[in-house]
Amino acid sequence: MTQRINKELIAQENVKLESFLKEDYEALGNKLARTGINIEDITAKAAAFQIAVPSWGTGTGGTRFARFPGIGEPRNIFEKLEDSAVINDLSQCTERVSPHFPWDKVDDFTELKGVSDSLNLKWDSINSNTFQDQPGQEHSFKYGSLANTSAASRELAIQHNLDCIKWGKILGSKTLTVWVGDGSNHPGQQHFQHAFERYLESMKTIYAGLPSDWELHIEHKMFEPAFYSTVIQDWGSSILAAMELGPQAKSLVDLGHHAPNVNIEMIVSRLIQFKKLGGFHFNDSKYGDDDLDSGSLHPYQQFLIFNELVDAQYRNQEGFSPNYMLDQSHNVTDPIESLMNSAASVQRSYVAALLVDRQALSEYQTHNDAIMASNTLKQAFNTDVSPILAMARARKGGAIDPIATYRASCYRKAVAQKRPSSGRSGSGIV
Ligand SMILES: [Mn+2]
């Protein structure tokens, strides 16, 4: 029997906040009306916004040093789905889950699809994993997978990706996301060009196995586990590979996978321009691939990215339909709370970007009025759109205050009863 948040509890918690929300929503509506914006149009768009939850994000994360498991952690994909359903019940913007194979592999994918259907959840991009060896694996990925010097290891990695497509078809997914840890730790260890050639050759075989209505997303990452060079190190390598493969191959932007201070929103613009923006892994970062909660450190950067996305949407840019997904590691919080907070944070950036006066911005840009162009963006960013987000959630049956309602439900304590600790407290990034 699946544990869920009681609908009556959500309604009961919402009643406490309804009159305040109505007041705040009305006040914001009046404010927006003065600039010609109909709040109902914006709320409808906020309600339609969706961002996928990563299956692995529902468990407590860790670092190279240790992992401190929380209580009632999901032990398999079915329990991860239960937690994902709770997140969506309260947030009403996370109806899709992105699985990671073989972590989430099951014997019967039709059964898994049945369970997700019963929870009103859909499947987002399938993530393949060739950055670690599985028990009994014949050919190791220690020195890489798709770019390994060993043809047998490359073949194994290719086959795993083809399996991921096969499983994804049963689940109803339309995207395969490929990230490889391939690279080197010592100068001279790897021939840069030959490694990239081997990667491309492997990816061409995977691309050939892609159904015609699927996309192949290439995720780059600057470093780790390889600390000197990485085969798909930056968006340059990523877009080169995507161009080499064909129109169904696109680049995926993980916010934590860039060099510090890189202008990510401009990279996003370039990818949009050349029909190569596949999707996002949202998270936040202070030093590197920190996988912190989205918008917890750089909400303005997240807004500026959405400014580009909304701009492309309004221009009906050809080939523009990116997948949005969270990719975070929750080391000290309840993952359900972090994921709800983060989904709302990304949704907030989207909604704020909808408020940008694009005609005024365009005129300021034409006349090189830097101050007013910048202020136009800041005006939208500084608008507190919380009432719109809360109203969008409440109208769909979600919680006005997701975290307060989640805490009132005592869900974590309840599932802890039937999910005894796995005892896994060793190191490991998940
Ligand atoms: Mn990622």
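This is a predicted model: local features need pLDDT of at least 70, side-chain atom pairs count only at pLDDT 80 or more; totals for chains, interfaces and linings use all residues.
**Exercise 1: strand β6 and its neighbours**

Work out which way the side chains of β6 point, and which strands pair with β6.

*Solution.* 

Step 1. Start with the strand itself, residues 175–178. T175 and T177 point one way, while L176 and V178 point the other way. Buried or exposed? All four are buried.

Step 2. Now look for a partner earlier in the chain. Strand β5 (residues 126–128) pairs with β6 in the parallel sense, over two bridges. Within that pairing, T177 in β6 is the bridge partner of N127.

Step 3. Trace how the chain gets from β5 to β6. The path goes through helix α5 (residues 151–171), and this β-α-β crossover is right-handed.

**Exercise 2: helices α11 and α12**

Find how the axes of α11 (residues 358–366) and α12 (residues 370–381) are arranged, and which residues meet.

*Solution.* 

Step 1. What do you need to describe the packing? For two packed helices, it's the angle between the axes and the distance between them.

Step 2. Grab both values: the axes come within 8 Å and cross at roughly 160 degrees. Angles over 145 degrees count as roughly antiparallel, so α11 is roughly antiparallel to α12.

Step 3. Finish with the contacts. From α11, A360, L361, Y364 and Q365 meet M372, A373 and T376 of α12.

Conventions
Residues are numbered from 1 along each chain as its sequence is written. A residue is buried if 20 or more other C-beta atoms lie within 10 Å of its own, exposed if 12 or fewer, and partly exposed in between; C-beta atoms are placed from the backbone. Two strands pair if DSSP finds at least two bridges between them. A crossover is right-handed if, with the strands pointing away from the viewer, the path from the first strand over the helix to the second runs clockwise. Axes are lines fitted to C-alpha atoms, for helices over the stretch in contact, and angles run from 0 to 180 degrees between N-to-C directions. Angles under 35 degrees count as roughly parallel, over 145 as roughly antiparallel, 65 to 115 as roughly perpendicular and the rest as oblique. Two residues are in contact if their C-beta atoms, placed from the backbone, lie within 7 Å.
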